[in-house]
Amino acid sequence: MRLYDLATVMRSKNAGPYLITIDMLFQHSSYVDRVLASADFTSCAIAQLYDLEEHDVQIHAYRPASAIKVTLPRGHTSAGSASDRDIYGAQQYFPLADQDV
Amino acid sequence: MSEDRIRYLSPCGLLGYGYPISNLKTAFDAGLDFVGVDAGSVDPGPYYLAEGANFVGISQVKRDLEPLLIECVNAQVPLIIGTAGGAGARPHVETLVNLTEQIAKERRLRFHLAVIWADIDAGVVLDQLRAGTLSPCGGAGSATSEEITSCKHIVGQMGIGPITEALVAGADVVIAGRCCDTAVFAALPIARGFDPGLAFHAAKIAECGTLCAVPGGANDSLLCTIYSDHFEVIPLSKDRRCTPQSVAAHSLYEQATPAALHEPEGVVDLRSCTFKQESSRCVSVTGAQFIPAKQPTIKVEGSILEGYRAICVGGIRDPLTIRNLDTIEAKVRTAIGRSAGQKDFSIRFLYYGRDGVMGDLEPLRRNQPHEVGVVIDVVAESQQRANSVISLARSTLLHQHFPGRKSTAGNVAFPFSPSDLEGGPVYRFALYHLLEVENASSLFVAEHREVDA
């Protein structure tokens with residue numbers, strides 16, 4: 001199933017000017033385990049989607065919210081700079097959202 | 001107010017975003033120890049800090065501030081406003097102070113005002129750069145001394161200390177420059193002996209108004225009550241409710257990790273929190289752990305000029321043009337390079353409908369949409385230069401030939417005349433770093449004055 005369809009909330013936002021943080025909320029805590037166990041949801045797989053190094057990718061499960069958080073560097077831009085395409089970082093969760101989980 | 005609880009109102013997520021005025025009466029009837037408002041963020045970008053410009057229009061700020069001032073002064077409930085004007089540097093604070101005094105005069109209000117400046121001298125930052133104690137924050141690179149001296153404004157994020165000191169000194173209203181988002185709401189609870197972990201976590205939830213509720217919104221009010229072993233949050237509007245997941249999710253908002261919310265005084269770990277539905281719209285929270293820092297640190301922010309922007313916006317409907325966008329762009333760039341003279345500008349073409357949002361990362365960029373919106377964006381050393389380059393780019397794109405072209409009268413539909421728009425100065429963050437300090441309050445100067453209509 002596509003991650004975007006499994007999640008009830010999928011959002012991205014700046015965490016400061018240099019990081020993007022992507023939050024996914026699920027209906028059940030069991031979905032957190034399912035997603036974390038998916039081959040398409042490793043830090044290596046996510047790094048490839050965003051043209052990053054594996055060590056750049058932070059994955060945090062937050063079970064009190066039945067959520068997973070992925071935090072990534074913004075790449076070559078900082079928020080609001082001349083080359084930025086998304087000053088709030090609010091629309092950066094695709095292609096992660098398309099991953100099969 | 002009883003000692004075993006402290007209750008406060010967060011009227012909205014940002015001063016000027018608006019809130020239902022009826023919420024104020026309900027909140028004051030419930031009994032408040034203070035009212036806090038976050039007035040800014042680094043989120044809207046580096047422009048507002050450098051330019052000294054207000055993020056939210058002054059009439060919107062006045063509309064939100066006036067009822068708060070009146071109710072708080074009349075009820076003798078402290079009002080605390082942090083990160084004045086959106087970015088919290090001297091011009092922003094001055095604007096908000098002037099507005100406050102204007103309202104006081106119009107409404108015949110008397111109160112003790114504390115103004116806490118957050119401006120940091122470049123020399124302080126340079127000293128720490130040389131001493132090797134200036135460290136980058138949250139993915140920032142290293143800052144150069146040239147960048148530091150080029151920042152028009154440098155602000156430090158004050159923590160709870162300066163706000164507490166101002167309240168202890170008798171302030172009824174506190175207007176602070178750049179503040180940690182949590183400091184506004186955590187200062188008084190911690191000063192009154194409530195658990196810092198709970199106080200900081202509650203502050204993090206409250207500072208965005210009802211973004212923690214369902215449905216969420218930054219233009220509505222949240223009531224927060226802290227007890228000795230938990231805190232409770234409830235939206236004031238009956239058509240919103242907090243749920244355990246909505247409050248837990250908001251604990252993640254704009255944070256890199258739930259394991260560490262950074263404050264000048266230390267770190268808050270939210271991993272062991274529990275969230276419980278107390279009543280149909282109210283949630284109680286426990287479990288935040290505060291770990292004090294060995295040495296306090298102050299985050300400093302500064303932005304520098306990149307250039308001046310000019311843009312034009314147009315639509316493309318011709319399928320051959322859409323299929324050949326990359327070829328066309330390359331040809332346009334070559335032509336501009338030939339005609340524009342020296343390379344004192346940058347230019348980019350954003351194609352909405354193809355890959356405008358994600359650029360090279362867009363996996364679907366090979367799809368052929370029936371329509372593309374193109375934004376040409378030029379940033380140059382002067383506004384005049386940006387204007388002339390955008391003009392050249394626009395006319396070249398409109399008439400650019402490519403193999404197989406049928407649309408020989410023009411490649412782009414421009415929706416306005418003039419089609420070129422001035423964007424003004426463009427900034428980027430250059431400072432997002434930590435200073436090591438002996439005392440978390442020492443960099444922030446407070447002024448006290450009696451405001452008397």
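1. Two strands count as paired if DSSP finds at least two bridges between them. Helices (H or I, at least four residues) and strands (E, at least two) are DSSP runs, numbered from the N terminus. On these terms, β12(B) and β13(B) form a hairpin, with 5 residues between them. Strand β12 covers residues 274-277 of chain B and strand β13 covers residues 283-286 of chain B; the two run antiparallel and are joined by 4 bridges. Within this pair, B:Lys276 has B:Ser284 of β13(B) as its bridge partner.

2. Basis of the model. This is a predicted model, in which local features need pLDDT of at least 70 and side-chain atom pairs count only at pLDDT 80 or more, while totals for chains, interfaces and linings use all residues. Residues are numbered from 1 along each chain as its sequence is written, chains are lettered from A and ligands numbered from 1 in the order in which they are written, and side-chain values use heavy atoms, with hydrogens and water left out.

3. Confidence. For the complex, the predictor gives an ipTM of 0.95 and a pTM of 0.94. Chain B has a mean pLDDT (the predictor's confidence in each residue, from 0 to 100) of 96, and 100% of its residues reach 70 or more.

4. The ten-stranded sheet. Chain B has an open sheet of 10 strands with mixed pairing, in the order β12-β13-β9-β8-β1-β2-β3-β7-β4-β19. Its edge strands are β12 and β19 (445-452) of chain B, each of which pairs on one side only. Direction ignored, neighbouring strands are turned by 20 degrees against each other on average. Angles here run from 0 to 180 degrees between N-to-C directions, and axes are lines fitted to C-alpha atoms, for helices over the stretch in contact. Inside the sheet, strand β8 (residues 222-226) of chain B pairs with strand β9 (residues 231-235) of chain B in the antiparallel sense over 5 bridges. B:Cys224 stands opposite B:Val233 in β9(B).

5. Contact means heavy atoms within 4.5 Å. Helix α3 (residues 58-75) of chain B packs on the sheet and touches β2 (34-38), β3 (79-82), β4 (110-117) and β7 (173-176) of chain B; the direction of α3 makes about 145 degrees with that of β3(B). α8(B) also packs there, touching β1 (6-10), β2, β3 and β8 of chain B, and the direction of α8(B) makes about 150 degrees with that of β2(B).

6. α3 and α4. The axes of α3(B) and helix α4 (residues 90-107) of chain B are 10 Å apart, and the helices pack at an angle of about 55 degrees. That makes α3(B) oblique to α4(B); angles under 35 degrees count as roughly parallel, over 145 as roughly antiparallel, 65 to 115 as roughly perpendicular and the rest as oblique. Ala, Val, Leu, Ile, Met, Phe, Trp, Tyr, Cys and Pro count as nonpolar, Asp, Glu, Lys and Arg as charged, and the others, Gly among them, as polar.

7. α8 and α9. Helix α8 (residues 183-191) of chain B and helix α9 (residues 196-206) of chain B have axes that come within 8 Å and cross at roughly 155 degrees. The two are therefore roughly antiparallel to each other, and α8(B) passes α9(B) in a right-handed crossing. The contact is made by B:Phe185, B:Ala186, B:Pro189 and B:Ile190 of α8(B) together with B:Pro196, B:Ala199, B:Phe200, B:Ala203 and B:Ala206 of α9(B). By class, this contact has 9 nonpolar, no polar and no charged residues.

8. The three-stranded sheet. A further open sheet of chain B has 3 strands in the order β10-β11-β14, with antiparallel pairing. β10 (261-263) and β14 (289-292) of chain B each have a single partner strand, so one side of each is left without a neighbour in the sheet. Strand β11 (residues 266-269) of chain B pairs with β14(B) over 4 bridges, and B:Gly266 has B:Pro292 as its bridge partner in β14(B). α9(B) lies across β10, β11 and β14 of chain B, running at about 110 degrees to β14(B).

9. Backbone points to check. Most residues other than glycine have a negative phi, and most peptide bonds are trans. The peptide bond from A:Phe94 to A:Pro95 is cis, with omega near 5 degrees. A cis peptide bond also joins B:Ser417 and B:Pro418, with omega about 0 degrees; B:Pro418 lies in the loop between α13 (383-399) and β18 (420-436) of chain B. A:Ser66 is not a glycine, yet has a positive phi of about 45 degrees.

Terms used
A crossing is left-handed if the near helix is turned anticlockwise from the far one by less than a right angle, and right-handed if clockwise.
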